[in-house]
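Here is a quick walk through one protein model. Have a look at it first, and then we'll go through some of its parts.

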Amino acid sequence: MRGIGPLLRKDIAWGKHRLLALVVLFVLVPAVVAGGTLFFEHTLPENSPVAITPTDEDVTEADLDVVRGGVAFVSDPKIVDSRDAAFSQLRREQVYAVIEVPPGITDTDGSATIDISVHGSVTIYRMPSQVLGTMLSDSLDEMLPADITGERHVIGDRKSLSEYLLPTMAMLVVMLVAFAYVPAVLAREAQVFDRLRLDSSLHRLVVAKLVFVTGLVLVSLGVIYLVGRLLGYGLQPPSVVAVGVLVLSFMGLSGLSISISFATDFSDAGRVLNVVCFFVLVVLSNLAYPAGFFSPLSKFVARHNPLHYAMIVVRSELLRSVPARMYAPWIAAVAVVAGLSLSGMWLTIETYKRGH
């Protein structure tokens, strides 16, 4: 029984005869997608989760509650007792603004300033957050005797919308390859699976395909990064964590698409289902927009979707310097889901073999 090596060499030989098509799909398309980010320079104001935290121990629950009520109509506020915890959540995109409440705002008729901090790399929220301070001031001035001023601060490096969208484009390429190219490559050989099983195994065949296409995906990711650098984007140096999470995402999504292909016997229904999965996951993962941008339901789904957290990790690694340990549980979750997906794929192949 042949091992993976001969099957992998077979794919490489096949690729040499179709070099132009592979260059178009894995080099030209990623370059065009990355360059297309130049056309995005503006966002529309929307609401996002924010953290409300006290500046010191003298801040009362009444102070925090009144500020939470003052921004509830433009955000999904939650009280975070620790200032450090609030800013940690801001860096991890668990919240998109931190509102620091000073003491005594409910029992004075003087003046007070409430600091509102947003992260410069979360461009999609940074722009609409410009009106958050004004809205907060107007709302609290009507509720309290004190003269309240909301002062907005941007922490971290400011990124353009083009820079912000580049990691999203990388994830979209990974998803497109997983749901479109991988099933197509396998479907091309579906008619000769019986002959292949005489001197190899379907499992080895699929592993060889995944190894081969993963190499092509890495080329695509390199092209996207290179184009971003050529465009002058302020990207962090290539990160093992970012690439690793993208590869794990690709493996997990490919496991799902391959399972669908084998379960549907490589029929048209399976191809359509894979396309549907691609678009559904794009919508439900909030790859670019903050969680809760569309509705409370979309926030709930995104916050329970490993792909959403994978996107945050990749974006953080490319756009801002954040210790990977802050995302360790999320990375582990992405790895576990990828493992489960590949295990499901393995079982689906076994079921396919027994039925043929």
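This is a predicted model: local features need pLDDT of at least 70, side-chain atom pairs count only at pLDDT 80 or more; totals for chains, interfaces and linings use all residues.

## Where H1 meets H9

Start with two helices, H1 (residues 4-17) and H9 (residues 202-230): their axes come within 9 Å and cross at roughly 50 degrees. The crossing of H1 past H9 is right-handed.

Which residues do the touching? On the H1 side they are Ile 4, Leu 7, Leu 8, Asp 11, Ile 12, Trp 14 and Gly 15, and on the H9 side Arg 204, Leu 205, Val 207, Ala 208, Lys 209, Val 211 and Phe 212. Sorted by class, this contact has ten nonpolar residues, one polar and three charged.

For the protein chain, the mean pLDDT is 87, with 94% of residues at 70 or more.

Confidence isn't even along the chain, though. Helix H10 (residues 240-263) has the highest, at a mean of 96, while helix H8 (residues 193-199) has the lowest, at 57.

## The five-stranded sheet

Now for the strands. Five of them form an open sheet in the order E2-E1-E3-E4-E5, and the pairing is mixed. Strand E2 (76-79) and strand E5 (147-155) sit at the edges, each pairing on one side only. Ignoring direction, neighbouring strands in this sheet are turned against each other by 25 degrees on average.

Zoom in on one pair: strand E3 (residues 98-101) and strand E4 (residues 111-119) are antiparallel partners, joined over three bridges.

Which strands does helix H3 lie across? Helix H3 (residues 61-71) lies across strand E1 (49-54), E2, E3 and E4. Relative to E1, H3 runs at about 160 degrees.

## A closer look at Ala 187

One last stop is Ala 187, which you'll find in helix H7 (residues 161-188). Setting aside neighbours within four places in sequence, Ala 187 is in contact with Phe 266 and Arg 271.

How far apart are Ala 187 and Val 334 in sequence and in space? They are separated by 147 residues in sequence, and by 27 Å in space from C-alpha to C-alpha.

How values were computed
Residues are numbered from 1 along each chain as its sequence is written. Side-chain values use heavy atoms; hydrogens and water are left out. Axes are lines fitted to C-alpha atoms, for helices over the stretch in contact, and angles run from 0 to 180 degrees between N-to-C directions. Helices (H or I, at least four residues) and strands (E, at least two) are DSSP runs, numbered from the N terminus. A crossing is left-handed if the near helix is turned anticlockwise from the far one by less than a right angle, and right-handed if clockwise. Contact means heavy atoms within 4.5 Å. Ala, Val, Leu, Ile, Met, Phe, Trp, Tyr, Cys and Pro count as nonpolar, Asp, Glu, Lys and Arg as charged, and the others, Gly among them, as polar. pLDDT is the predictor's confidence in each residue, from 0 to 100. Two strands pair if DSSP finds at least two bridges between them.
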